[in-house]
Structure formats: C-alpha cells, structure tokens
Amino acid sequence: MTDFVGRRRELKELREDIARTGLDTLSGRKAKAPRARVLLVAGRPGSGRTALAEAFVREVAGQYPDGLFTVRLTSPGGEVVATERAVRTLLEGLGRPTPPGAGEDDLSAALREALAGRRAILLLDDAADPQQVDALLPDTPECLVVVTAEGPLTGIPDVRPCTLGGLDTPSAVEMLAQHIGDTRVTVDPRAAETLAEECGGQPAALALAGGWLAAHPKAAVADLAKQLHDMPPGTSGPLARSFRLVYESLPQPAQRTLRLLPLAPAGMLDSHTASALAGCSVAAAQSTLEDFAGLGLVRHAPDGLFLLPGCLAPLLQSLLEAKERPAEVQLARARMLERTVRLLTSCRSMAEEDEDLLRERLDGMPRALRFPDRRAAAVWLDTRLPALSAAATLAVADGDLDTLARRLVSALVRALAEHRGTEAAAPELYGLHRLVLGVAERRQLHREQAAALLNLADLDAETGRTQEALERYRAALDAGKAAKDPYATGRAMESVGGAYQELADWQRASDWFGRALSQALARGERADEARLYGRLGNVHTYAGRYGEALRSWRAAAAGYRKLADLPGQAKALSEMARVQEYAGRPEESLHTCREAIELARRAEDLRLQAALQVRLADTLDRLGDPAAARLHRSAADRLLGDDPAACEIRSTSD
C-alpha cells in the first residue's frame with residue numbers, strides 16, 4: 001500500500017474549517033438545532049478524495065477520543081447503499097443493537113442517541129446525494145462528519161467544501177517514485193514530470209502508470225509518457241488512457257478476468273469469486289488478483305480480500321458490455337452464485353459440533369471449499385457478509401436466476417443462524433426473508449410466500465410491531481390456503497391468535513386459537529392439540545373466564561399425558577392450580593399442585609419442582625398454614641439453592 005503524498009494545503013484548510021465560525025452565526029441567524037460540523041471533500045472519481053479524507057481523519061483523530069466510524073454510501077459498481085443499511089453499519093460499529101425491520105427514521109434517531117455526548121468522527125465515503133448524509137448527521141456539535149462526494153451537498157447547512165484537482169507535480173512525481181523507486185525517477189526527472197502531467201496529477205491514473213512501470217522494469221519512463229500522449233483522441237481523460245494502456249498489456253485470459261470483475265457483488269473480490277467468474281482454478285485466480293493489485297487495478301483489503309476501485313468500475317463495465325456476450329455474462333454470474341452457495345454450505349457445516357455429522361456433511365466437498373475450523377468459517381462469514389448480502393439482492397433483482405437466488409438466500413440464512421444465532425442475526429435475516437418473499441410473489445410460490453411472511457411477522461412481533469405482525473400473519477394464512485399447506489395455515493392461525501393476545505383482544509385471540517385447534521384435532525396432531533389447549537387456557541385466564549380456562553388446561557394436561565410428556569403435563573396442572581386459586585377453590589388448587597409436583601419429580605425436573613414448591617407454599621400461606629408453607633420453601637431452597645429466578649413458573653403458551 002502506498003503512503004499518502006501531497007495535499008498539504010487541502011489538509012490545512014480542512015483543519016482550519018473545524019474551528020471556523022458557522023455561517024448561521026456570521027449572518028446573525030440562530031441554527032434550528034446544534035449539529036455536527038460537516039466537512040466535504042469533493043472531487044471526481046480517481047482524484048484521491050477518499051485518501052485525503054482518510055489522511056485528514058488520522059491527523060485529527062486525537063481530538064475525537066470516542067472513535068472513528070466509517071461507512072461507504074455507494075458501492076464500487078455505482079449502486080446507492082440504502083440509508084437503512086448505512087445506519088445499521090454505524091450502529092453496529094457503536095456496539096448498539098439494531099432491531100430487525102426498524103424504519104429509517106427510527107434507526108436515524110437511534111444513531112443520534114448513540115452519538116449524543118460523544119466526540120467522534122463519522123467518515124461517510126462516496127455520498128450519492130444529500131439525503132443520505134442528512135439521515136446520518138449527529139445532533140451533537142462535538143462530533144465531526146467528513147463526507148466524500150463528487151459534487152456539492154445542496155440542502156445540508158453550513159457544509160465546508162474542499163474541492164480537489166490534480167496533485168502538484170512534485171507530489172505526483174513522489175507518488176510515481178513510490179511505485180518504481182527513486183532511481184528511475186532520478187535518472188530522468190524531466191520524463192517523470194512529463195508522465196505526471198500526462199496523468200493530469202490524478203492519483204488513480206498515476207497508480208496505474210506506476211504499476212505498469214513496476215511490472216516492466218526495463219521500460220523507460222519517457223517511453224510510457226510518449227505512449228500516453230500518442231493515445232487515440234477517442235480515449236478521453238488521463239484515467240481512461242492509463243487504464244487502456246494497462247489493460248492492453250495484459251494477456252488475453254487476464255483481460256477476460258478483469259472484464260468480469262464488475263460482476264463481483266459490492267466490489268469485493270477473493271480468489272473464489274475470481275475463480276468462479278473466470279472459470280479457472282482458485283490458485284490461478286489468486287495469482288491474477290495479486291498481479292492486478294500490483295498494477296493498481298484492485299486494492300488489497302484485510303482477510304484475503306481485494307476491492308475494486310470505484311473509479312475503474314465504469315471503464316470495466318463498458319468493456320464487459322462491449323466484449324462479452326450476454327449469455328457468457330449470465331453463465332459467469334451463475335457460476336459465481338453456485339460457488340457462493342457451496343461456500344455457505346461449507347461455512348454452515350463448520351458450526352456442527354458432532355464430528356461424525358460434520359465429516360458426513362463435508363464428505364465429497366472439494367478441499368478448496370473447506371474451512372480449517374469453525375473460527376475461520378465465522379470470520380469468513382463476517383468479512384464477506386456485505387458481499388453476500390449484495391449477491392443475494394442482485395440475484396433476486398436479476399429475475400433470471402431465481403432458483404439460484406432462492407438457494408443462496410436459504411444457505412445464507414442457515415449459515416447466519418448457525419454461527420450467530422437467530423436473535424443476533426435477526427437484522428440480517430429480516431432483509432433476507434424480504435428477498436425470499438419477493439421471489440415467491442414473483443413466481444407465485446405460495447408455500448415459500450407463506451414461510452417468508454411467517455418469518456417476517458415473527459421478527460415484527462419480537463420487536464413490538466404487533467399490528468404489522470398481525471397483517472403479515474393474515475397474509476401468510478391466505479398464502480398457506482393457496483398452497484393447501486396445513487402446517488402453514490395452522491401456524492398462521494395460531495400466530496394470529498398470539499398477536500390478538502398481545503393486543504389484549506381476548507375474544508379474537510380465543511377464536512383464532514380455537515380455529516387452529518379444530519384443524520389440529522381434525523388432523524390428529526396431538527402435540528399441537530395439547531399446546532393449543534394451553535394457549536386457550538391462558539387467554540381464558542386473562543379474560544377471567546375461569547370455568548373455560550380450567551376445561552382447557554385439563555384438556556392440555558390430558559394431551560400431554562397421552563404424549564408421555566411429564567414436564568408438559570406438570571406445567572399444565574400447575575396452571576390449573578393457579579386458575580383454581582383465582583376461582584376461589586384453594587383446596588382443589590392445593591391438590592392439583594401436589595399432583596404437579598409428583599409429575600415434576602418423576603420427570604427429574606429440579607427447576608420445575610422448586611417453582612411448584614414455591615407456588616404450593618404461597619397457596620398454603622393463603623390457607624392459613626404458614627408452618628407448612630415454610631417447609632415447602634425450604635424444599636425449594638434445597639433443590640436449587642438461593643436462585644430466585646429458578647422459582648418462576650411460565651405458562652405453556654410462553
């Protein structure tokens with residue numbers, strides 16, 4: 001990686017702009033609200049605007065002890081990054097949870113709350129429009145926001161712009177020397193200056209020229225300057241001329257690999273991605289990427305990754321469209337998605353703790369696709385997640401690769417759930433389920449549509465968006481009926497009941513649980529019957545309908561008895577005892593609770609035994625027998641010590 005050179009004047013201006021008085025203050029107007037100071041580094045792609053911004057934040061980092069948080073707002077391919085994704089990236093960097101499915105406004109508010117009282121820097125790279133930036137601005141004046149963009153940020157108040165041109169000649173020559181060494185520059189300093197002028201002082205063009213000279217140690221600097229000068233008139237701009245010269249110097253296989261790189265999602269590359277795109281071996285792809293990095297065509301990144309410079313993406317895209325047939329492009333994309341699916345399958349397998357099952361899953365998988373251990377697989381998943389998410393989004397949007405897209409999303413969902421757990425992965429899973437829903441609706445795959453709607457509704461319900469969850473559960477019920485899938489319809493009806501229960505609409509909740517129960521009874525699904533009787537009993541209890549609640553809990557207990565589920569039967573009897581006590585029948589409650597304790601003892605469930613002992617003690621206290629109550633509390637203490645959380649009874653519905 002080359003060191004940053006030049007731009008001393010621009011760096012000085014940016015430092016001075018931090019402390020400069022705001023325009024609102026100068027004009028005598030009071031700002032609506034205190035906000036962070038915004039500095040803009042503006043320049044065309046390839047002008048070194050990101051390098052300047054990074055060098056600047058390194059210089060001033062000591063003044064902002066709460067850290068630097070970076071997010072890219074445009075992918076190298078030119079796609080605008082969704083504001084929701086950008087905010088989530090910043091919140092994750094701040095160590096804050098990001099509720100799945102939360103709206104842009106809620107996430108922006110959470111970001112501003114997380115930055116309140118902090119002295120931090122936000123580096124927003126390659127902003128496409130002012131709206132993106134506005135959603136990320138902290139309300140804390142102690143924070144600093146540095147934005148890179150091609151043009152002005154109209155609408156953002158009091159932005160301090162720093163517009164970049166080319167490097168001055170000494171700095172441009174110094175940059176060349178970093179690539180080719182001081183000797184070749186010293187031998188012919190005038191030629192080096194001429195080459196810098198031919199590159200327009202543009203850092204990206206200089207990097208390509210320096211990379212080409214480094215790869216051709218016998219070539220004279222003056223000859224390269226002449227070649228650039230003699231380029232046909234149709235090749236406009238220093239960057240395009242330098243790129244064309246480097247591209248034409250490559251062998252044919254490398255040229256084709258380079259042309260296919262814009263297909264890499266999010267501009268992130270590794271040996272597997274390049275191998276699948278070009279149809280070559282992984283080792284050959286790795287060697288080609290290393291050569292590209294030396295030529296300035298890609299950039300090294302941590303964990304074996306390479307990044308495609310955004311300034312080269314339009315040039316490569318033009319070559320791709322001109323030189324490759326659409327069928328070949330589609331085949332290359334399909335190979336890349338298939339390779340990604342297989343890597344995700346291998347990644348998920350590494351989370352398996354059973355060694356025999358792990359060997360079985362990896363049996364027959366090529367060694368190049370295997371990970372050495374679980375940690376390596378988890379690191380691969382974390383570092384490639386932006387590219388994996390982008391691949392899934394692009395595959396779904398393509399429309400011609402829906403089968404591969406569905407397999408890719410499914411593999412990514414499973415890998416995330418295995419390595420992170422469903423709760424931690426919920427924000428990512430929410431977006432993936434939405435992708436599945438899009439494909440299912442387009443292809444009229446009703447069963448998959450119902451599954452996606454149920455998954456999304458579950459995440460909505462977990463984050464308190466009960467009304468949104470209810471609407472999706474109803475839509476899932478319609479999709480399940482269209483698919484004639486009894487599991488989906490039963491699950492949807494039960495979930496609709498659960499949503500109404502959360503909304504304290506006991507009548508509708510019991511009605512929907514009753515519908516789900518009728519289907520379970522018709523199909524002879526005993527486990528579902530017992531659970532649904534319990535959920536009905538719970539709702540009736542909340543509604544104060546103790547007679548109906550007792551009948552439901554009694555039926556639940558009978559169902560668990562038929563299933564030989566002792567813990568389930570014990571919990572159902574415990575709930576019966578609670579309802580009997582509410583109904584003013586303490587003696588019956590005492591008898592039922594003792595029966596539940598015996599079942600818990602037979603099931604060897606110490607926590608349940610202790611919880612029931614505490615419940616029995618409470619009942620005895622209310623019956624006026626404190627001595628017996630103390631004995632049962634002592635029994636609970638002996639079972640589980642002094643852990644009060646162990647003595648909590650949860651209903652069957654919970």
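Contact here means heavy atoms within 4.5 Å of each other. The structure is a predicted model, in which local features need pLDDT of at least 70 and side-chain atom pairs count only at pLDDT 80 or more, while totals for chains, interfaces and linings use all residues. Residues are numbered from 1 along each chain as its sequence is written, and side-chain values use heavy atoms, with hydrogens and water left out.

**Ser346**

Ser346 lies in helix α17, residues 326-349; helices are DSSP runs of H or I with at least four residues, strands are runs of E with at least two, and both are numbered from the N terminus. Ser346 is buried, with a relative accessible area of 0%, where buried means under 20% relative accessible area, exposed over 50% and partly exposed in between (1.4 Å probe, protein chains only). Neighbours within four places in sequence aside, Ser346 is in contact with Leu362, Met365, Leu369, Arg370 and Phe371.

**The protein chain as a whole**

The protein chain contains 31 helices and eight strands. Its overall values are as follows.

| Property of the protein chain | Value |
|---|---|
| Radius of gyration | 32 Å |
| Box of the C-alpha atoms along the principal axes | roughly 105 × 65 × 45 Å |
| Residues that count as buried | 50% of 654 residues |

For comparison, a compact globule of 654 residues would have a radius of gyration near 26 Å; the radius is taken over C-alpha atoms, and the globule rule is 2.2 Å times the number of residues to the power 0.38. Among contacts with a separation of 6 or more, 63% join residues 24 or more positions apart.

A nonpolar core is a set of buried Ala, Val, Leu, Ile, Met, Phe, Trp, Tyr and Cys residues joined through side-chain atoms within 4.5 Å. The largest such core has 52 residues, and those with the most contacts inside it are Leu195, Phe243, Leu258, Phe292 and Leu297. Elements giving two or more residues to this core include α7 (169-180), α12 (238-248) and α15 (282-295). Its largest share, eight residues, comes from α10. Apart from this core lies another of 36 residues, among them Ala392, Val396, Leu416 and Val439.

Helix α10 is largely enclosed by the rest of the structure, because 11 of its 13 residues are buried. Among these buried residues are Leu206, Leu208, Trp212 and Leu213. The buried residues of α10 pack against α7, α8 (182-187), α9, α11, α12 and α15.
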